[in-house]
Structure formats: structure tokens, C-alpha cells
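Here is a short briefing on one predicted model. Have the structure open as you read.

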Amino acid sequence: MSSTMTPQKVLQNFQRCSNWEDKYLYLIELGDRFCILPLNEQTNDHKIRGCQSSVWITLTPNDNLIHLAANSDAAIVKGLLALIIIAYDQKSRQQIAEFDIDAWFEQLGLTQHLTPTRSIGIATIIKQVQLMSNV
């Protein structure tokens with residue numbers, strides 16, 4: 001699914017937003033579009049520890065590519081998960097390792113607009129996805 005959206009397209013769309021309220025609405029829209037983990041997979045086995053919100057992630061290798069699915073009970077977190085999906089879904093382990101997601105988040109301006117707690121949670125999620133994909 002993320003093949004129709006790229007990190008560059010997200011950056012372009014973010015730059016078109018006139019203010020942070022519009023950017024947050026766009027993040028929520030991305031979350032609704034990309035975070036489609038079925039309820040039967042939102043189990044303790046797939047739950048990420050260390051987040052205030054409930055976050056579930058599944059990662060499945062398929063033909064040397066990683067399929068990533070996720071969901072959360074919080075709208076902004078779902079949007080941030082959507083960004084991780086856009087960055088990593090249907091990518092090889094090497095592509096995941098080479099993509100500088102921190103620099104991309106910086107380009108998007110997320111670093112200075114996330115609360116410290118949310119920043120720590122997203123960093124935890126990114127590390128977990130990288131570990132799960134053996135990066």
C-alpha cells in the first residue's frame with residue numbers, strides 16, 4: 001500500500017500545509033489511510049511496550065521485502081505510525097537500514113513539534129521495527 005506514497009511525497013504535502021494544525025490533520029488522515037492492522041492481530045504479541053498509547057505492529061518478510069502493518073488507539077500516533085509504514089513497508093532490510101528516518105522527521109519538522117514523551121515513544125517504535133526487521 002505504501003508504494004503509492006513516498007517519503008518525498010509526504011514532505012511535499014507537509015510543505016503545502018499552511019500551519020501545524022493542517023499538518024496534524026494530514027498526519028491523522030495518513031493514519032486513517034495506512035494503519036489498517038486487523039483487530040485479530042492487535043494482540044499482546046504484537047503490542048509495543050514503552051508507549052503511552054496502545055501500539056501494535058506486525059512485520060512479515062515477503063520475497064526479501066518487509067511488510068509492515070500497524071495501528072494505535074491514538075490518532076496522532078496512528079499518523080506517526082503511517083509515516084513509519086511509508087518509510088519502511090515493502091522495503092528490503094538494506095533499504096530500511098539506509099533510510100535516515102530521523103533526518104526525514106527533522107525535514108518534516110516533527111522533531112520540534114512532538115512532546116518529549118511522544119518523541120521517546122516514536123523512537124522506541126522505530127528501534128523495535130528495525131530490530132524486528134534485523135537491521
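A pocket is an open set of grid points with protein on both sides within 12 Å along at least five of seven lines, and its lining residues have an atom within 4 Å of a point. On that basis, α7 gives the most to the lining of the largest pocket, with six residues. The model is predicted.

**Largest pocket**
- Its volume is about 250 Å³.
- The lining has 13 residues; closest to the pocket centre are Ile-101, Asp-102, Phe-105, Ala-123 and Ile-126.
- Two elements, α5 (101-108) and α7, each give two or more residues to this lining.
- By type, the lining holds seven nonpolar, three polar and three charged residues.

**Second largest pocket**
- This one has a volume of about 160 Å³.
- α7 again supplies the largest share of the lining, here five residues.
- Lining residues include Gly-50, Cys-51, Val-77, Arg-118 and Ile-122.
- The lining divides into five nonpolar, six polar and one charged.

**Packing of α3 against α7**
- The axes of α3 (residues 75-88) and α7 (residues 116-132) come within 11 Å and cross at roughly 35°.
- The crossing is right-handed.
- From α3, the contact uses Ile-76, Val-77, Leu-80, Leu-81, Ile-84 and Tyr-88.
- From α7, Arg-118, Ile-122, Ile-125, Ile-126, Val-129 and Gln-130 take part.
- Ten of these contact residues are nonpolar, one is polar and one is charged.

**Gln-42**
- Gln-42 sits in the loop between α2 (20-34) and β1 (55-62).
- Gln-42 counts as buried because its relative accessible area is 17%, and the cut-off is under 20%.
- Leaving out residues up to four places away in sequence, Gln-42 touches Leu-37, Trp-56 and Asn-71.

Note on methods: Residues are numbered from 1 along each chain as its sequence is written. This is a predicted model: local features need pLDDT of at least 70, side-chain atom pairs count only at pLDDT 80 or more; totals for chains, interfaces and linings use all residues. Side-chain values use heavy atoms; hydrogens and water are left out. Helices (H or I, at least four residues) and strands (E, at least two) are DSSP runs, numbered from the N terminus. Buried means under 20% relative accessible area, exposed over 50%, partly exposed in between (1.4 Å probe, protein chains only). Contact means heavy atoms within 4.5 Å. Axes are lines fitted to C-alpha atoms, for helices over the stretch in contact, and angles run from 0 to 180 degrees between N-to-C directions. A crossing is left-handed if the near helix is turned anticlockwise from the far one by less than a right angle, and right-handed if clockwise. Ala, Val, Leu, Ile, Met, Phe, Trp, Tyr, Cys and Pro count as nonpolar, Asp, Glu, Lys and Arg as charged, and the others, Gly among them, as polar. On a 1 Å grid over the protein atoms alone, a cavity is a set of points where a 1.4 Å probe fits but cannot get out, and a pocket is an open set with protein on both sides within 12 Å along at least five of seven lines; lining residues have an atom within 4 Å of a point. Grid points are joined across faces, edges and corners, and a volume is the space filled by probe spheres set on the points.
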